[in-house]
Amino acid sequence: MRNEQAIDALIRALGADLVATGLGIPDRRHGDWSGVPASVPRALLRPYSTGQLARMLHICNAFGQPVVAQGGLTGLAGGACCARGEVAVSLERMNAVEEVDAISGTLTAQAGCTLQAVQEAAGAAGFLFALDLGARGTCTIGGNLSTNAGGNRVIRYGTMRDQVLGIEAVLADGSVIGGLHKMVKNNTGYDFRHLLAGAEGTLGIVTRVVLKLHPQPRSVSTAWCGLPNYEAVTTLLQRAQAELPGGVSAFEVMWPGYLDFMMEKVKGLRAPLPGRHAMNVLMESAGADDVHHPAAFDDFLARMLEEGVIGDAAVARSSTDARSLWAVRDATAQLPVLLPGMAAFDVSFAIADIGRAALECEALLRERWPNGTALVYGHLGDGNLHVIAHADGGRPETRAQIEERVYDLTRRYRGAVSAEHGIGLLKRKVLGHTRSPAELAAMRAVKNALDPKGILNPGKVI
């Protein structure tokens with residue numbers, strides 16, 4: 001009854017345009033890409049402003065109405081899925097780039113703005129917004145911050161939390177917190193940016209952010225390298241960071257099973273190298289000198305070939321070449337279609353452990369499911385390993401067995417059960433593999449303080 005009263009109160013206060021119900025709720029607003037079963041929201045709230053969202057949450061809090069914040073719905077942990085009786089909040093109407101401040105090197109955007117729109121606005125002003133990931137055209141800035149997204153350039157620029165200078169958000173009771181500050185140095189007490197980054201909408205709903213911009217690189221050099229073993233991969237990374245004038249802006253590692261699978265299953269991909277190698281690396285370096293930087297990149301690769309660190313390399317000589325190389329890595333977006341019911345992991349380890357952990361993980365999966373699929377790839381520079389496993393037609397019970405093995409291995413290596421996709425529903429039960437009882441208790445205390453009625457994304461994260 002209280003749920004019905006909450007919806008009636010929302011409609012009376014805000015109108016049917018802002019509070020959709022029944023057939024007015026699009027199917028895509030039920031859940032995210034995780035495949036977690038989701039229910040139709042009791043209502044879909046679509047504010048145009050922070051003030052409207054504050055009023056919505058104030059009403060929901062008064063009635064104890066659970067609320068699930070939704071961005072582009074590209075999440076893979078079930079964090080945006082609605083359970084029975086919950087209300088969804090979409091910031092798709094709050095999608096503007098409000099300002100690019102060239103002097104401060106900042107961009108102010110509403111949380112519903114897509115990552116690609118922010119990248120394009122920054123590029124048009126001569127800047128780079130550093131965060132990048134395959135779902136750029138669909139994922140939103142609010143969702144990126146709420147999951148503390150990582151992506152391809154973390155090795156140089158950090159995760160999403162490192163791209164944010166100022167933040168505005170609405171708490172469960174409708175209070176608006178934060179400030180759209182542009183200062184790099186701001187030591188005035190608790191930092192709401194870092195509190196809300198990775199909270200997945202359980203502490204508050206982000207509405208606007210001030211983002212840090214970087215100078216647009218004048219030169220971007222890209223190469224695909226074939227290497228003889230994992231030791232050579234870490235050597236290449238260390239040497240590239242030390243010797244390339246622009247350092248390393250991306251360092252993507254793919255085990256051979258991944259490359260073989262993609263070449264066989266995904267149409268339109270071109271094999272980067274003619275032969276098969278024990279390890280594959282897609283390396284990118286960005287620099288400020290469009291003459292000397294490419295030459296230094298070529299010279300570095302020549303040294304690595306001469307020293308036997310790499311066995312072969314293909315260097316992109318145009319943006320078309322670079323896109324062709326990146327297409328092999330970005331083809332992961334097709335995996336849910338190719339492997340329905342797959343188990344997908346984004347775990348992290350110390351860089352020194354990744355080689356052993358990856359081999360052990362692949363071996364234990366293939367030993368138990370010899371006819372299954374196990375793909376391993378990742379962002380080596382930040383310790384992030386992706387594992388895709390599929391067996392027995394993707395049956396839920398098999399997926400659960402796969403998860404138990406992979407997360408147990410992650411715990412044994414003292415790794416993290418989530419590197420960039422969040423906790424959501426899928427990883428809540430294994431959060432204790434990475435967080436201590438004291439840390440979990442502290443997280444619950446923060447949640448209870450900011451959302452005492454527990455209306456914000458209930459059942460997610462903790």
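Reply: Happy to, and please keep in mind that this is a predicted model. Arginine 414 sits in the loop between H13 and helix H14 (437-450).

Me: What makes the phi of arginine 414 worth a remark?

Reply: Its phi is positive, about 55°, although arginine 414 is not a glycine. As background, most residues other than glycine have a negative phi. Valine 461 is also not a glycine, and its phi is positive at about 70°.

Me: Is valine 461 buried or exposed, and how do you know?

Reply: Valine 461 has a relative accessible area of 7%. Buried means under 20%, so valine 461 is buried. You will find valine 461 in the segment after H14.

Me: Why is glutamate 403 called buried?

Reply: The cut-off is under 20%, and glutamate 403 has 17% relative accessibility, so it counts as buried. This glutamate belongs to helix H13 (residues 396-412). Setting aside residues up to four places away in sequence, glutamate 403 touches Phe345 and Lys429.

Me: How do you know that histidine 379 is buried, and where does it lie?

Reply: Histidine 379 has 4% relative accessibility; with the limit at under 20%, histidine 379 counts as buried. Histidine 379 is part of strand E17 (residues 373-379). Beyond four places in sequence, its contacts include Gly151, Phe251, Arg329, His386 and Glu420.

Me: Why does the pair of histidine 379 and glutamate 420 count as a polar contact?

Reply: Their side chains make the contact at 3.2 Å. The rule asks for N or O atoms within 3.5 Å, one able to donate a hydrogen and the other to accept it, so this pair qualifies.

Me: What makes serine 90 a buried residue, and which residues is it in contact with?

Reply: Serine 90 has a relative accessible area of 1%, and buried means under 20%, so serine 90 is buried. Serine 90 is found in strand E4. Leaving aside neighbours within four places in sequence, serine 90 is in contact with Arg29, Leu44, Leu45, Arg46, Pro47 and Gln70. A polar atom of the serine 90 side chain also lies 3.2 Å from the backbone nitrogen of glutamate 92.

Me: Why is alanine 343 called buried?

Reply: Alanine 343 has a relative accessible area of 1%; the label requires under 20%, so alanine 343 is buried. Alanine 343 is in strand E16 (residues 343-348). Not counting residues up to four places away in sequence, alanine 343 touches Val387, Ile388, Ala389, Arg399 and Ile402.

Me: What makes E5 and E9 edge strands?

Reply: They belong to an open sheet of five strands in the order E5-E6-E10-E8-E9, with antiparallel pairing. Strand E5 (97-101) and strand E9 (176-179) each have a single partner strand, so one side of each has no neighbour in the sheet. From one strand to the next, the twist averages 10°.

Me: How do you know that E6 and E10 pair?

Reply: Pairing needs at least two bridges, and strand E6 (residues 106-110) and strand E10 (residues 205-212) have five, in the antiparallel sense. Threonine 106 stands opposite lysine 212 in E10. Helix H3 (residues 115-124) lies across E5, E6 and E10, at about 150° to E6.

Me: Why is the span of helix H10 described as close to the expected one?

Reply: Helix H10 (residues 319-330) has 12 residues and reaches 15 Å from its first C-alpha to its last, against the 16 Å expected at 1.5 Å a residue. Among the buried residues of H10 are Ala322, Leu325, Trp326 and Val328.

Me: Which residues touch the most other members of the largest nonpolar core?

Reply: In that core of 55 residues, they are Leu10, Phe129 and Leu211. H2 gives the largest share, six residues. Apart from this core lies another, of 53 residues, and Val461 is among them.

How values were computed: Residues are numbered from 1 along each chain as its sequence is written. This is a predicted model: local features need pLDDT of at least 70, side-chain atom pairs count only at pLDDT 80 or more; totals for chains, interfaces and linings use all residues. Side-chain values use heavy atoms; hydrogens and water are left out. Helices (H or I, at least four residues) and strands (E, at least two) are DSSP runs, numbered from the N terminus. Axes are lines fitted to C-alpha atoms, for helices over the stretch in contact, and angles run from 0 to 180 degrees between N-to-C directions. Contact means heavy atoms within 4.5 Å. The expected span of a helix is 1.5 Å times one less than its number of residues. Buried means under 20% relative accessible area, exposed over 50%, partly exposed in between (1.4 Å probe, protein chains only). A nonpolar core is a set of buried Ala, Val, Leu, Ile, Met, Phe, Trp, Tyr and Cys residues joined through side-chain atoms within 4.5 Å.
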